[in-house]
Amino acid sequence: DFYSDFGDPKKDLLIIPLIKPYYIAGSSYPGGLGITLYHYDTKPNNDPMHSFLGINGVAKFAVENGVIVAVTEQKRPYGLQWFVIVPDKQIEVGFDNEAGFKKYIQAYNITEPLWFEPRPAYKQLRATGCLPWIPGCK
């Protein structure tokens, strides 16, 4: 099941399910955690997100109101560092400034995301099987 596969820490594989089909996965090495993107090929060639297969180096993330938001440890190509994913609408968008990011997420009734850092969130998930957005969890 998508929401119960957490990877295997013995094999240095961490998986944090977000909203199906999106998840954070990678190794325990610094910068090793990322989110695979699925709709990069639907974007026009002049859209910076056209070349993004994933968001690497996730520093913090949130899942609220059916929306995934993430901030990377450092700027990605095209200066992008803040990302919004809306799975139901096949939206994957990146921002090069926090102000633009915050303005965009207001359309989804998010003013200040409840941020999680990947590694502590993973520890909580392994210990309890739950994070607030996972179905059946509170």
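Leaving aside neighbours within four places in sequence, which residues is Trp-133 in contact with? They are Ile-16, Pro-17, Leu-18, Phe-61, Val-63 and Phe-116. Contact here means heavy atoms within 4.5 Å.

## Model and conventions

This is a predicted model; local features need pLDDT of at least 70, side-chain atom pairs count only at pLDDT 80 or more, and totals for chains, interfaces and linings use all residues. Residues are numbered from 1 along each chain as its sequence is written, and side-chain values use heavy atoms, with hydrogens and water left out.

## Overall fold

The protein chain has two helices and nine strands. Helices (H or I, at least four residues) and strands (E, at least two) are DSSP runs, numbered from the N terminus. The order from the N terminus is β-β-β-β-β-β-β-β-β-α-α. Among contacts between residues at least 6 apart in sequence, 39% join residues at least 24 apart.

The chain has 138 residues, and 43% of them count as buried. Buried means under 20% relative accessible area, exposed means over 50%, and partly exposed lies in between (1.4 Å probe, protein chains only). The chain exposes about 7600 Å². Carbon and sulfur atoms supply 52% of that area. Accessible areas come from the Shrake-Rupley method with a 1.4 Å probe; for residues, only the protein chains shown count as cover.

## Nonpolar cores

A nonpolar core is a set of buried Ala, Val, Leu, Ile, Met, Phe, Trp, Tyr and Cys residues joined through side-chain atoms within 4.5 Å. The largest one holds 29 residues. Ile-16, Leu-18, Ile-35, Phe-61 and Trp-133 touch the most other members. At least two residues of this core come from each of β2 (13-17), β4 (33-36), β6 (58-64), β7 (67-72), β8 (82-86) and α2 (118-128). In soluble globular proteins, nonpolar side chains tend to be buried together.

## Thr-72 in strand β7

Thr-72 is found in strand β7. Is Thr-72 buried or exposed? Thr-72 is buried, at 2% relative accessible area. Not counting residues up to four places away in sequence, Thr-72 touches Ile-55, Asn-56, Gly-57, Val-58, Ala-59, Leu-80, Gln-81 and Phe-83.

## Salt bridges

Two salt bridges turn up in a search of the whole structure. The criterion is a side-chain nitrogen of Lys or Arg within 4 Å of a carboxyl oxygen of Asp or Glu. Side chains of opposite charge can pair when their charged atoms come close. Glu-98 bridges to Lys-102, with the closest N and O atoms 3.8 Å apart. These two are four residues apart in helix α1 (residues 98-105), so about one helical turn separates them.

Glu-112 and Lys-102 form a salt bridge at 2.9 Å, N to O. This pair links distant parts of the chain: Glu-112 sits in the loop between α1 and α2, Lys-102 in helix α1, 10 residues apart. Glu-98 is partly exposed at 38% relative accessible area. Lys-102 is partly exposed at 27%, and Glu-112 is partly exposed at 46%.

## Disulfide

The whole structure contains one disulfide, defined as a pair of cysteine sulfur atoms within 2.5 Å. Cys-130 and Cys-137 form it, with sulfur atoms 2.2 Å apart. The link is left-handed, with -75° about the S-S bond. Cys-130 is partly exposed, at 24% relative accessible area, whereas Cys-137 is buried, at 14%.
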